[in-house]
Each structure stands twice: as C-alpha cells, then as structure tokens.
Amino acid sequence: MRSSRVPQALTCGLVALLVAACTGEPEPPEPSGEASPSPLPTDFEGDPPPGLEGEVLRHLHGDEADAHDILDDPLGVRISPVGGAFLISSGGEDRHLLHDAATGDTLWEGEARFRGFDTDLEGESALSLVDPDDRPFVLDSRGRTLWEPAEPGDLYLDGAAVRRPDGWTAEDPYGDYTVLDTDGEELWTYAFEPEPEPGDEETDEADSDDTDVESGTDEDEDAEEEEQIDPLGVPVTAWDDTVLLDDGSSALHAYSIDPDEAGEALWSVSSSDEDLELPASAPVNVPQVLGVYEVPDPDAEPTDAPSDEDEDEDTEEGEEETEPTRDVLLVRWAQPEAPSLLSAHDVDDGDTLWTLREPGANPVAAPFEEARVPVGLYDTDTATLLLPQASGGATMVAVDLVTGRTRWGLEEEAGAISPAFAHAGLVYGDSRSREDEDRQLVLDAETMDVVSDDLSAYVEAVTETGHAILVQDRQRFVYGPGPGEDTDDVEGDGEPEASDGPSEDDEG
C-alpha cells in the first residue's frame, strides 16, 4: 500500500486558503521563529580606551567595509600586531594576511604554517613561517622576504643565519659552524670542539714537554696557545654585528660578525662571575637568553642645552628630542628547585648592569635546547617587562629593565587576570571571574593600578605605530594613532606586491 506523496505543508496550506476564502479576511503569516539579524554597525560609539587618542580610520566587516575575505572566515580569525601592520590569520586553515594598519593595503598574503614572531638584527619585528613545501622563510613587517635558507638545514637567527655541522644534535653539537647574513653570504666560519679528556691533556702535556726539550719554548708558542683559548660554542642569538655563543659549560661568549672583524672575541659572561653571586656548590647553570631590549640609558652624559640659534638650525618644528637609550641582554640562570636569577648585561662590553632573584624556580633548560623560553610583554614607554613565572608566589612579575627592580607581581589569587599586550605605559588584560562577566582591564604598567575596567570596546591589538583594532557590536574598527605619534615604520620606497609566499627571485 502506497502512502500519500502530498507534502503535509502543502495540505495545510490548502486548508488555510479554504478558511480564508470562507471568512473573507486574510490569514496573518505565522512567525518563522528566526529574527532578521540587525545590520552591522559602521559607526563607533562611546569613548576610545585609555592610551588611544586618534580617530576611526575604517571598519573591517560588512558590505561597505572593502576588506579582505579572510575576515569572513566562519571559524574566525586571529589578529596580532607586527610592526606597523596587523597579521590576520585564518582560524580554519594555514592562511595569513599582512594588513597595513595605516592604509588597509595588503602587504602580503599566502598559505603557510606560522612558526612564531621573530626579529631582525636591529630588533625590528619579523614573522617566521613555513611554506606548503615545508621550506622555512621569514618576512619583515612590510611583507618583504627577509630570509630564505641558502642551503637545506640553514637556520634563521635574529637577522642572521646559522649553518650547523651535518647530523647536528644537542647531545653532539661539535663540528664546523658558519654564520651567514640573510642573503646567504658567509660572515664567519669556526670549529667548535669538545673539551679534551683528562687523559688527552696529560698526553698533550707530555708531547709539549718533549717538544720543549727538542726545540725550546719561545714567546711565539705561548702567544699561539693564548689565541687558542678563546671559547666557542653554539650560536643562540644575534644583534647588530654580534653573535652570542653558548659553550655548554654555563657560559656565553660574544663574537663579532662584522665583515671586517668577523670572529673577533668581544666579551664573555659565566655563572662563575662574581657579579652574579651564584653559589659555587650549585649544579651547573644553563643560561637562557630572554632577549635584547632597548631601555633608557641612565648613565648617558647630559648634553649641553642648545642655544636659540642652534635650536632654529637643528630642530625642525614639531620635532622632539630623543632620550638616550642602550641595548641590554637579559639572561636567566635557572637552578633545580631553587629561585632562578635574572641578569642584565651591556651588549657592548658584557658588563653586568644588575641581577634580580625571581620569586620561584623556573625550568632548567638542557644544554643547546632549541625551544625558546616564553617571554612576556614589554612596554617600551616604561621599560617594563612582564615575565611569566613557572612557580613561586607570583604567576607573573613586572620588572623594570633599567634598575632591575620588581615593580609588581600577579599573585596566585589574582591569576584570573591574563595580560594580553602593553602599550603607552599601560597593560591590557582579560579578567575572568565567576561572579562577574569576562571583561578587559587596563592597568598602569608601573604600579598595576586599574586605570579602567569599563571600556566601550574590546581592544584586540595595538601596533608599534599606535594603530589599534577595537571590537564593538560584532564590528571591528581600525583606530588611528594620536596626534604627534610617529607612524613612519617603512624603510625604502613603495609598497610590496601581494604574493603567495617567497619565490626564487626574491632578494630578501
């Protein structure tokens, strides 16, 4: 027996028409249950968050947005600041877009696996990526190819590159190393050899004694021995014309990679240095490089006040005098089950500027461990670094990188605050509480005082040039920098063309 194929909805519709014909009045349509979504707003309402003093430049969603289709990803996007641009990453696939914050232009787009944020030799922001063919490459903040490996296995290192020995492992790191520039040109080649075994040293001394008897010891041989004692190691970071080597014996050694002075030993720092005051009986400390930071220079000599004539000649209208700064290398010396120690060093001579005992024990890295230490947020206006802690009385501490003092710490009970980024002396963080709804807080970077906890919009990201993305009522607004803020972050002329990744013709 066949069942009726007349749809039930059509049957009900016919009955409704008959009823309507009998009454002479139209039957009102039944509500569908799905309300039409309200249109996306295009005007920003309310006050801008603290630290932002510009104006809305554009919005990123809707028919009038004229924005890239990656922003319509059904799984959402992740947005991060890179120099003066925004990196917009698809939530559903390895697709990325580098969006010029000031103009909205596409600087670069392509399919790649994101490896992390990096820097060049001047400390400028860069992006580390891997293309679909599993080939690494690095972009600068303007979308230009900064580096590609000249040979398989070459590694990018903070604006330089390193070629390790064949078959390199952390357990067997010895052999020939080459430091290259980003174009693949060799800067310095050296051999990192293991320390001689005790038996070998005795044999060498015996051989040396025999040689002394036969030919005598002269000053040339002593000088040659002195030249050979400069310790080497595995490159762990680079800046300007310097590369830093870890010798695997709790010491770091800085060498020049200036083409005219490549391989010249500059300075060293070791856990046995008296300035660090580390206990000699403690296990060997593995130094962990946390980065090179630009901070105000308290030791800079004051400059003479310029005369009125000099001001007229040398100072343009609206130009501000820059505060003297210096670069410092920040190192963590970790010990098992003991509070770790931070030390700051002048990058020019390695002098220890200050040390700071951290509130708890942080993980001890294995020698030549390739995983980078997670480093927190840095506010350049106050030279404050927010440094996560693995254990102890605080989940994060705010350190003044000029003096080495702890400004404040996030205690365990305040761990619901998750700092997201720092800008203009402020720290933006998300506060999560069972009693209250999640909200964004703005804290003073120096004191941790709450500046604001009732924002008109959620601040998603802020670039180094002061451009911000504000989220309000399902819309993203790009907010420009305040008056007088420097937005010139582009070196060279013109804009790069969009591409799907590095090509063989790219010159970096």
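This tour of a predicted model moves through a few residues and the salt bridges around them.

Start with D140, in strand β8 (residues 136–140). D140 counts as buried because its relative accessibility is 15%, under the 20% limit. Show its surroundings: beyond its neighbours within four places in sequence, D140 is in contact with L98, S125, A126 and L146. A polar atom of the D140 side chain also lies 2.9 Å from the backbone nitrogen of R142.

Select R142 next. Its salt bridge partner is D100, with 2.7 Å between the closest N and O atoms. The pair links distant parts of the chain, 42 residues apart: R142 sits in the loop between β8 and β9 (145–147), and D100 in strand β4 (residues 95–100). Both R142 and D100 are buried.

Now go to E446 and R407, whose side chains form a salt bridge at 3.7 Å, N to O. E446 is in the loop between β28 (439–444) and β29, while R407 is in strand β25 (residues 406–411), so the bridge ties together parts 39 residues apart in sequence. E446 is partly exposed at 39% relative accessibility, and R407 is partly exposed at 25%.

S452 has 15% relative accessibility and counts as buried. Not counting residues up to four places away in sequence, S452 touches P50, Q440, L441 and V442.

Finish with R474 and D473, whose side chains meet in a salt bridge at 3.8 Å, N to O. R474 is partly exposed, at 45% relative accessibility. The whole structure holds 16 salt bridges.

Technical notes: Residues numbered from 1 in each chain as written. Predicted model: local features only at pLDDT ≥ 70, side-chain atom pairs only at ≥ 80, totals over all residues. Heavy atoms only, no water. Buried < 20%, exposed > 50% of the residue type's maximum accessible area, 1.4 Å probe, protein only. Contact = heavy atoms within 4.5 Å. Helix = DSSP H or I, 4+ residues; strand = E, 2+ residues; numbered from the N terminus. Polar contact = N/O pair within 3.5 Å; in protein donor to acceptor, adjacent residues only side chain to side chain. Salt bridge = Lys/Arg side-chain N within 4 Å of Asp/Glu carboxyl O.
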